[in-house]
2 protein chains.
Amino acid sequence: MRENDFLAWITAQTPAHPRVAVGIGDDMGVVRPGGGAGEAGGEGVAGVLLKIDQCLDRVHYDLRRHSAAEAGRKAVNRCLSDCAGMACVPAAVMVAVTLPRNGEGSGEAFAKDLFLACRDAAAAFDCPLVGGDTATWDGPLAITVAAMGEMPGGTGGKGAAPVLRSGARAGDTLFVSGRLGGSILGRHLTFEPRIRLARALAEALGTGDGGGLHALMDVSDGLAQDMPRLCAASGVGAEVYAGRLPIHPDAERLAGQDGMPAGLHALADGEDYELLMAVDPEAVPELIGVAEHGAGRGVGLTAIGTVTAGGGLALVDERGGRHGWPRAGWEHRSAG
Amino acid sequence: MRENDFLAWITAQTPAHPRVAVGIGDDMGVVRPGGGAGEAGGEGVAGVLLKIDQCLDRVHYDLRRHSAAEAGRKAVNRCLSDCAGMACVPAAVMVAVTLPRNGEGSGEAFAKDLFLACRDAAAAFDCPLVGGDTATWDGPLAITVAAMGEMPGGTGGKGAAPVLRSGARAGDTLFVSGRLGGSILGRHLTFEPRIRLARALAEALGTGDGGGLHALMDVSDGLAQDMPRLCAASGVGAEVYAGRLPIHPDAERLAGQDGMPAGLHALADGEDYELLMAVDPEAVPELIGVAEHGAGRGVGLTAIGTVTAGGGLALVDERGGRHGWPRAGWEHRSAG
């Protein structure tokens with residue numbers, strides 16, 4: 001059973017609960033404060049956003065080649081990237097570390113370097129570390145990070161509602177941040193979670209009812225896998241223009257090494273940690289403002305397609321030909 | 001470096017932050033809502049309580065002898081026991097599972113049983129599962145649970161402030177719930193987190209300024225280790241009456257097997273998941289009410305000693321003789 005199928009099974013086994021505004025299946029869960037009755041905050045409070053994520057030796061990094069600092073930074077930044085995927089602000093992180101008794105990842109110096117890297121990755125977003133757990137065992141290093149996020153600006157501000165995967169509407173323009181593909185060459189360890197960009201977009205375009213930022217998620221498993229997730233959550237289809245995909249130079253480099261098309265790397269590689277979003281066409285001018293003069297400067301925002309009312313997902317070539325969606329994707333393949 | 005020393009080092013490396021009301025070192029962290037400025041909730045809101053905790057094969061259970069359901073239930077209940085240790089209500093849990101590719105803990109049926117046990121353990125406290133992460137690797141099974149807790153009753157209610165380890169005062173009476181020792185014979189898998197008892201005590205005695213429940217924690221590593229933690233956090237000493245320790249029949253059974261005194265098992269074994277508390281002597285009548293007519297019925301609350309202004313910790317024998325505090329304790333010893 002693949003991870004996707006298992007998560008779908010879990011979702012089906014998880015009943016609705018009055019506390020839960022958004023359950024398993026989005027970038028983060030959203031818990032209503034005050035037991036779901038709104039006592040502690042009243043109407044319109046977005047609630048507390050929560051996420052848990054693992055980062056494992058020989059899966060997400062390889063301690064034969066990567067340092068404690070690289071592993072710790074990646075573990076925290078993966079979780080913070082999910083905060084970006086909801087357009088929330090990380091309010092706190094917790095880190096649980098299972099340390100090997102012997103071999104790669106053992107020893108006090110390693111543990112200290114790892115902790116400091118986790119702390120500093122969170123601090124880069126003014127996010128405190130409020131909980132930790134360490135244990136030693138005969139298995140490999142596992143780092144599990146949990147993040148709590150909040151929506152800034154209280155109840156009234158523009159961009160105060162978290163942005164779900166489920167809000168895309170037919171006619172929306174699909175944008176992706178940055179450039180995609182080839183992150184295995186190193187970016188999977190050094191990426192910057194797009195929190196500032198997500199907040200800038202939320203504030204400029206607006207979120208929730210009447211907002212222009214309809215749907216948002218982080219691209220962690222590759223566009224080939226993540227685009228179908230956004231479409232499924234929203235009950236829509238999509239046309240993506242293959243020629244418009246922003247291809248990272250790393251994807252070109254990797255293509256030069258393995259002979260695969262760079263565009264396929266951009267679609268399927270995963271671990272981009274960029275943002276995928278569906279935007280109301282009327283809000284595109286505000287998006288361009290963020291891209292050219294705001295937090296998107298130096299990152300880039302590229303229109304890659306259009307949301308359709310149905311008909312599944314299609315890749316459209318430069319002559320207008322429709323192609324089936326590639327099935328390739330990254331699902332916990334070893335970090336090479 | 002032992003776990004205690006590493007956590008002390010981590011605490012020293014973690015700077016204060018306006019969002020953090022209670023940082024690493026108590027049963028849970030406490031995060032102020034609204035970025036620490038109180039915008040989202042105003043004065044008196046206790047904040048969001050957070051905890052992360054790991055539960056590992058061959059450390060906390062042994063899949064050669066224990067089932068997926070036992071491991072999953074224990075993993076969640078350990079985290080919920082920390083909620084009891086703050087007298088909060090669990091509002092949401094998240095579960096990250098690292099599944100072995102082969103051997104004990106592998107396979108789809110195991111993963112499903114594990115998930116259902118986690119879900120049901122939380123549901124027993126009306127607590128929803130709002131996030132999950134699964135991965136497969138070549139290491140053993142690791143289950144990491146993060147819990148979010150809330151204080152019920154809004155800002156005005158009695159018992160609305162979380163109960164920290166740091167509130168014990170000289171003259172307080174020390175109580176422990178249930179009976180201690182020998183949990184390795186099976187209770188470490190089947191214990192009930194004392195959430196209802198903790199809430200009943202918080203509401204009957206009051207918490208925070210003017211409340212009678214001064215300090216609280218869950219006893220997870222054994223009284224021998226956990227009592228010094230409560231005293232250190234509060235800057236106090238304690239006299240514990242050795243003859244008053246509530247010894248579990250399992251501690252007697254274990255004593256019969258290994259020849260150690262049952263009282264030493266009660267002090268040092270760990271994994272009791274009972275509550276240790278420091279109570280204002282004036283609030284003892286309310287505590288007795290909870291013990292005899294409330295959530296403490298069938299659990300028991302035993303006065304085991306007194307908080308002192310200083311002088312460290314002492315075990316007092318039945319003739320009044322003072323003995324040094326036993327150093328023994330449970331620190332991630334393998335589940336036998």
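How many cavities of 30 Å³ or more does the count come to? The count comes to three. The views below show a predicted model.

**View 1. Chains A and B are related by a rotation of 180°.** The rotation superposes chain A on chain B with an RMSD of 0.0 Å. The shift along the axis is 0.0 Å. The two copies are thus related as by a two-fold rotation axis. Gly139(A) is the residue of chain A that comes closest to this axis. Its C-alpha lies at 2.6 Å. Of the interface residues of chain A, 100% are also interface residues in chain B, so the copies meet through the same surface.

**View 2. Strand S6 of chain B is mostly covered.** S6(B) spans residues 142-150, and nine of its nine residues are buried. Ala142(B), Thr144(B), Ala146(B), Met148(B) and Glu150(B) point one way from the strand. Ile143(B), Val145(B), Ala147(B) and Gly149(B) point the other way. Residues on both sides are buried.

**View 3. S6(B) pairs with strand S3(B) and with strand S4(B).** S3(B), residues 48-56, runs antiparallel to S6(B) over eight bridges. Here Lys51(B) stands opposite Ala147(B). S4(B), residues 89-100, is also antiparallel to S6(B), over nine bridges. Ala92(B) has Met148(B) as its bridge partner in S6(B).

**View 4. The largest cavity is lined by residues from chains A and B.** The cavity holds about 100 Å³ of space. Its lining has 15 residues. Nearest its centre lie Ile10(A), Val95(B), Val97(B), Phe115(B) and Thr134(B). Helix H1 (3-13) of chain A supplies at least two lining residues, as do S4, helix H3 (108-123) and strand S5 (129-137) of chain B. S5(B) gives the most, with five residues. The lining divides into eleven nonpolar residues, three polar and one charged.

**View 5. The second largest cavity has a volume of about 90 Å³.** It is lined by 14 residues. Val97(A), Phe115(A), Thr134(A), Phe6(B) and Ile10(B) lie nearest its centre. Strand S4 (89-100), helix H3 (108-123) and strand S5 (129-137) of chain A each give two or more residues to the lining, as does helix H1 (3-13) of chain B. Which strand gives the most to this lining? S5(A) does, with five residues. By residue type, the lining of the second largest cavity has ten nonpolar, three polar and one charged.

How values were computed
Residues are numbered from 1 along each chain as its sequence is written. Chains are lettered from A and ligands numbered from 1 in the order in which they are written. This is a predicted model: local features need pLDDT of at least 70, side-chain atom pairs count only at pLDDT 80 or more; totals for chains, interfaces and linings use all residues. Side-chain values use heavy atoms; hydrogens and water are left out. Copies are superposed by least squares on the C-alpha atoms of residues with pLDDT of at least 70 in both. Contact means heavy atoms within 4.5 Å. Buried means under 20% relative accessible area, exposed over 50%, partly exposed in between (1.4 Å probe, protein chains only). Helices (H or I, at least four residues) and strands (E, at least two) are DSSP runs, numbered from the N terminus. Two strands pair if DSSP finds at least two bridges between them. On a 1 Å grid over the protein atoms alone, a cavity is a set of points where a 1.4 Å probe fits but cannot get out, and a pocket is an open set with protein on both sides within 12 Å along at least five of seven lines; lining residues have an atom within 4 Å of a point. Grid points are joined across faces, edges and corners, and a volume is the space filled by probe spheres set on the points. Ala, Val, Leu, Ile, Met, Phe, Trp, Tyr, Cys and Pro count as nonpolar, Asp, Glu, Lys and Arg as charged, and the others, Gly among them, as polar.
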